[in-house]
Amino acid sequence: NGAEQAKAAGVFTPKQEDYQKVYDKIAQLLVEHDEYDDGSYGPVLVRLAWHASGTYDAETKTGGSNGATMRFPPEGDHGANAGLHAARDFLDPVQKEFPWITYSDLWTLAGVAAIQEMQGPKIPWRPGRNDRDVSYCTPDGRLPDASKEQKHLRAIFNRMGFNDQEIVALSGAHALGRCHTDRSGFSGPWTFSPTVLTNDYYKLLMEEKWAYKKWDGPKQFEDVSTKTLMMLPTDMALIKDKSFKSYVEKYAKDNDAFMHDFSNVVMKLFELGVPFQTEERMTFKTSE
Ligand code: ZEM
């Protein structure tokens, strides 16, 4: 076949249909490996794509998803990245089957696939990331510290180029997944449906009563009524701060607005610092 021949000749230029095959493989593995956590690797794939991208510094134009430098010990061992080997290992067979894709493109594409397969919005995506060597690892401390509040959130996310509205829209990702005591030290999920993207994170922030969890672990919050859900200090900062809270209220009331803004802001996150050769983005077909 043409693609194989072109690849053998070293001139293989993947097209949208080739990236769709990568997407489909990830979607298939997500279904097959339902033994993980709440039944899905989806959340940890989203966290991998976010931690690859969220190291971006707009001033020095360093970090971001270009490079996939989390493969190497200095960055892979940063405390914030604890547990992400699970996501990288999950993607290994995909990289083996499609050796032409860079790890850095694969990680963000997997983030897109995970979000779409967990009933989130379509996230337009484009290729163009190159893997870089260990010398491009970012310094520790670029990702947010969950024990802090609004001042820290603004410092970290403004550095990437995000405003208040975007910070709140991005935080809606915490509808997904959970905290693990052996990773971050925190414990528990934010919502009752951690493998489906909804605006429940905002609804719960607004509607539940939250109190400090009484335990030996780091300071976190639990819902008073069921004591099964959690919020980080940085999550609670979104309803302490007037400007942040106005967006939490908006997304709690309007799921469509959340889905729309989440798509835009995640697209922007995954593109930070990438020297694209193309303006054109592709939108992947979701399975079924
Ligand atoms: Zn998270 N996040 N995050 N986040 N995150 C965790 C888990 C997940 C913060 C944070 O400290 C933590 C964004 C923003 C911020 C996801 C996506 C996104 C955990 C738990 C912590 C502590 C890790 C563990 O123990 O496994 C902080 C302080 C943030 C600042 C606002 C953004 C932005 C995200 C994507 C757009 C996801 C999906 C998870 C769940 C991972 C899993 O394994 O279930």
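Q: What radius of gyration does the protein chain have, and how does that agree with a compact globule?
A: The radius of gyration is taken over C-alpha atoms, and the globule rule is 2.2 Å times the number of residues to the power 0.38. With 288 residues, a compact globule would come near 19 Å, and the protein chain has 19 Å, so the two agree. Do keep in mind that this is a predicted model, where local features need pLDDT of at least 70, side-chain atom pairs count only at pLDDT 80 or more, and totals for chains, interfaces and linings use all residues. Residues are numbered from 1 along each chain as its sequence is written, and side-chain values use heavy atoms, leaving out hydrogens and water.

Q: How many helices and strands does the protein chain have?
A: Both are DSSP runs numbered from the N terminus: helices are H or I with at least four residues, strands are E with at least two. Here there are twelve helices and five strands.

Q: Which residues are closest to the ligand?
A: A residue is near a molecule if one of its heavy atoms lies within 4 Å of it. In this model 24 residues surround the ligand, and the closest are His174, Gly177, Arg178, His180 and Ser184.

Q: Which elements supply at least two residues of that shell?
A: They are α3 (42–53), α7 (150–160), α8 (164–171) and β1 (178–179). The most come from α3, with five residues.
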